[in-house]
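Reader: I am new to this structure and would like to learn how to read its features one at a time. Could you take me through them?

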Amino acid sequence: MLRQKLGTDVFWAAVGKYLRKHRGSIVETRDLILALEEESGLSLEKFFDQWVYRAGHPELDVKVSYDDGSLVFDVDQTQGGDDATVFEFGFEVDVCVDGQWTHHRRNIDERKSALVVHTGSRPTALVIDPDFTVTAPIKLTGPADILRNSLREAPTARGRAAAANALRRRPDPLSITALEQCLGRENEAWMVRAEAASALSAISGDAARDALLAAQSTTHPKVRRAIVAALGEFRGEAVATALATLASKDESYLVSAAAARSLGKTKAENAPEQLRPLLKKNSWADVIRAGALE
């Protein structure tokens, strides 16, 4: 965030001077601020007061709507109560219309604000905070078709993962299918697929459960771990059987441990019988035993 505010060249030049000047000595945060201010010519007191000295961080609820050629981003800072700190930051979005991506920005300094992007026609995809410049969790809601397209077309893994997370609030059949397809794409970044698994568990229902079961043999262990964690939110013989198998036979210790925890959450009748042998299974840091005990 600070590097973007100052520019990459100015930021690193200031850091270099700071390190050379104070090498081997005791420093305070103020010394770094002075170095940055001297190099940039800007006053950074407000920036450091907000992001370093002040407690807390922004929490954003972003609602996206489209009407008559305009895409509207309603931004609500939801941290704390009515007397909580209101942060000031640059809110940025990327929007895709007819295959062309454009970048848009607005300075946010109120609890409730809005960014309006005149697109002319309906956008196909979008990404909130594409360069990860705001230190804030973002709850995104918006039109399901745009979110589904974003899950496929966003140019970064972070953008696609954010779309997957947003789809947890859209439990329609098309969105479930889009999440299932994402989960099954072996060439997709693992964190995107993991977010798709988490979204399916939040949606719940037979279709979401079946999508998770169908992907349980995926090759990436971090994705399998997300899948077994998600399956812990479901019940039924098929779920318990799959979790018992993964808990006892998966090649990843962490997947086995997660499967053991989820098997316990199902409260299946034979879960204790399936978990007891895991108490004798050696693993790194005893993670499998710990999972079985939990």
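This is a predicted model: local features need pLDDT of at least 70, side-chain atom pairs count only at pLDDT 80 or more; totals for chains, interfaces and linings use all residues.

Reader: How should I read the packing of two helices, and what are the distance and angle between the axes of α7 and α9?

Author: In general, two packed helices are described by the angle between their axes and by the distance between those axes. Here the axes of helix α7, residues 173-184, and helix α9, residues 206-214, come within 10 Å and cross at roughly 10°. Angles under 35 degrees count as roughly parallel, and α7 and α9 are therefore roughly parallel to each other.

Reader: Which residues meet where α7 and α9 are in contact?

Author: From α7 come I176, E180 and L183, which meet A207, A208, A211 and L212 of α9. Sorted by class, this contact of α7 with α9 has six nonpolar residues, no polar ones and one charged residue.

Reader: How many disulfides does the structure hold, and why?

Author: A disulfide is a covalent bond between the sulfur atoms of two cysteines. This structure holds zero disulfides, because the sulfur of C96 is 18 Å from the closest cysteine sulfur, that of C182, which is too far for a bond.

Reader: Are C96 and C182 buried or exposed?

Author: C96 has a relative accessibility of 4% and so counts as buried, and C182 is also buried, with a relative accessible area of 0%.

Reader: Where is Q50 placed, and which residues does Q50 touch beyond those up to four places away in sequence?

Author: Q50 lies in helix α4, residues 45-53, and counts as buried at 6% relative accessibility. Its contacts beyond those sequence neighbours are V86, F87 and E88, while the C-alpha atoms of Q50 and T85, 35 residues apart along the chain, are separated by 9.1 Å.

Reader: How many helices and strands are there in the chain, and what share of its residues is buried?

Author: The chain has 14 helices and seven strands, and buried residues make up 45% of its 294 residues.

Methods:
Residues are numbered from 1 along each chain as its sequence is written. Side-chain values use heavy atoms; hydrogens and water are left out. Axes are lines fitted to C-alpha atoms, for helices over the stretch in contact, and angles run from 0 to 180 degrees between N-to-C directions. Angles under 35 degrees count as roughly parallel, over 145 as roughly antiparallel, 65 to 115 as roughly perpendicular and the rest as oblique. Contact means heavy atoms within 4.5 Å. Ala, Val, Leu, Ile, Met, Phe, Trp, Tyr, Cys and Pro count as nonpolar, Asp, Glu, Lys and Arg as charged, and the others, Gly among them, as polar. A disulfide is a pair of cysteine sulfur atoms within 2.5 Å. Buried means under 20% relative accessible area, exposed over 50%, partly exposed in between (1.4 Å probe, protein chains only).
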